[in-house]
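Subject: Structure handover

Hello,

Here is the structure for your files. My notes on its salt bridges follow below.

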Amino acid sequence: MLQRKLGIYPYRYGNRLTLIESGHLFFDKLVDLIESAKEEIHFQLYIFEPDATGRIIADLLIKAAARGVKIYVVLDAYGSKNFNETGQKEFRKAGIAFYFYSPIKFGNYLHMGMRLHHKIICVDKQYALVGGINVSNNYSQYTDEAPWLDFAVFIEGSVIIDLLQICYSVLRTVRKEEKHFWRKIKVVEKVTESEPIKARVLQNNWLQAKFGISRQYKQKIRAAEKQITLVVSYFIPPISLKRILKKASKRGVQVNLILGAVSDVGLVKHASQYFYADMLKSGIKLFEWNKSVLHGKLALVDSDWMCIGSYNLNHLSDFGSIECNIEVFDDAFCQQSQSAIDEIIAKGCSKIELSQFNPGFMKWRFWYNALCYFAVRLLLGTMFFLQHRHLKKNKYKSMV
């Protein structure tokens, strides 16, 4: 019970998991799930764009609602700010329960609020997709452009119980009625004992003192014996995490970081490069994915532990966002996933050498990256301060 309060849910056995990349693999599975849904769909995302991809998924959800499927859609108010009134009215007219999470408010004070950053889709209490993939042309490959590289896991099994509890908890935040209907959860067991994958749900939610994802990342990296592979977007790690990665490398663990050669947030990319020389000097291997934007968030340790979801290695995921990851304990699944990442490295990544980022060779780049790093830290700190200030005001008002 204490661990759940910290954002670490119970171990669940008898699950079937499949690692899925962004592009056709993910969206074909999503389309199939919506078209075959019979009872209910939970859709909780950071970004739902009203573009070609969003139109396809929205039409499928409306058709599902027309045949009697109960649909609950919760989108982050900032991430999905482009989801306009027309789309909202279409959903509500179709009978879809639609909500924005934590709208940003201006007035006597700026209300930033916690961001709903997780990406959870649950269908009929039997199937789930969890990862870092949003509904947008950037991820779908429905256009001519290469999709952003990201990952999700398709899940069947008992771990869906905890994913549904998270979905219902978020629903209780955005609506007042049916406060306790999450207690009715009953997952249909369809996975046989021949596929006993052990997994559990992890959460980060600073407001509720939940740091399950960041805690497990650090513990597993500290305990690593052979290999650590991290696929990371928006890489601005806390000093403590950077330190334990360097220590792991120095004690003989092979540490591989897969980062992005291009980014949708240029400032963050240069801020990440501020660490490159220091990491490379510690023996850490750096690779940059160069075929599209890298948006994945995945960790593998010693080929028997994996963590995948929405969590980024930065201050915002620790203190400003609600995150959800799946922690997997299974040799075969983790080894297959490691092979998939190794193939991505071989086919689409460039290895970074120390000479490219050593301050002695190119000082101007080091100082520019340093400036970007401190600018990003200042921005994230300001967002945290505004959020903390808002919480204090609300606490004071509740005492009056």
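Which side chain meets Lys242 in a salt bridge? The partner is Asp278, at 3.2 Å from N to O. A salt bridge here is a side-chain nitrogen of Lys or Arg within 4 Å of a carboxyl oxygen of Asp or Glu. This pair links distant parts of the chain, 36 residues apart. Lys242 sits in helix α8 (residues 239-250), and Asp278 sits in helix α10 (residues 276-281). Helices (H or I, at least four residues) and strands (E, at least two) are DSSP runs, numbered from the N terminus.

Before you read on, the ground rules. This is a predicted model, where local features need pLDDT of at least 70 and side-chain atom pairs count only at pLDDT 80 or more, while totals for chains, interfaces and linings use all residues. Residues are numbered from 1 along each chain as its sequence is written, and side-chain values use heavy atoms, with hydrogens and water left out.

Now burial. Lys242 is buried, at 14% relative accessible area. Asp278 is partly exposed, at 26%. The cut-offs: buried is under 20% relative accessible area, exposed is over 50%, and partly exposed is in between (1.4 Å probe, protein chains only).

The whole structure holds 10 salt bridges. Two others are worth a look on screen.

Glu288 and Lys269
- Glu288 pairs with Lys269, with the closest N and O atoms 3.6 Å apart.
- Glu288 is in strand β13 (residues 285-289) and Lys269 is in helix α9 (residues 266-273), so the bridge ties together parts 19 residues apart in sequence.
- Glu288 is buried, at 9% relative accessible area.
- Lys269 also counts as buried, at 16%.

Glu343 and Lys347
- The closest N and O atoms of this salt bridge are 2.8 Å apart.
- Both residues belong to helix α12 (residues 331-348), four residues apart, or about one turn of the helix.
- Glu343 is partly exposed, at 42% relative accessibility.
- Lys347 is exposed, at 59%.

Last, Lys351. It is found in strand β17 (residues 349-352). Lys351 is partly exposed, with a relative accessible area of 44%. Leaving aside residues up to four places away in sequence, Lys351 touches Leu286, Phe287 and Gln356 (contact means heavy atoms within 4.5 Å).

Best wishes
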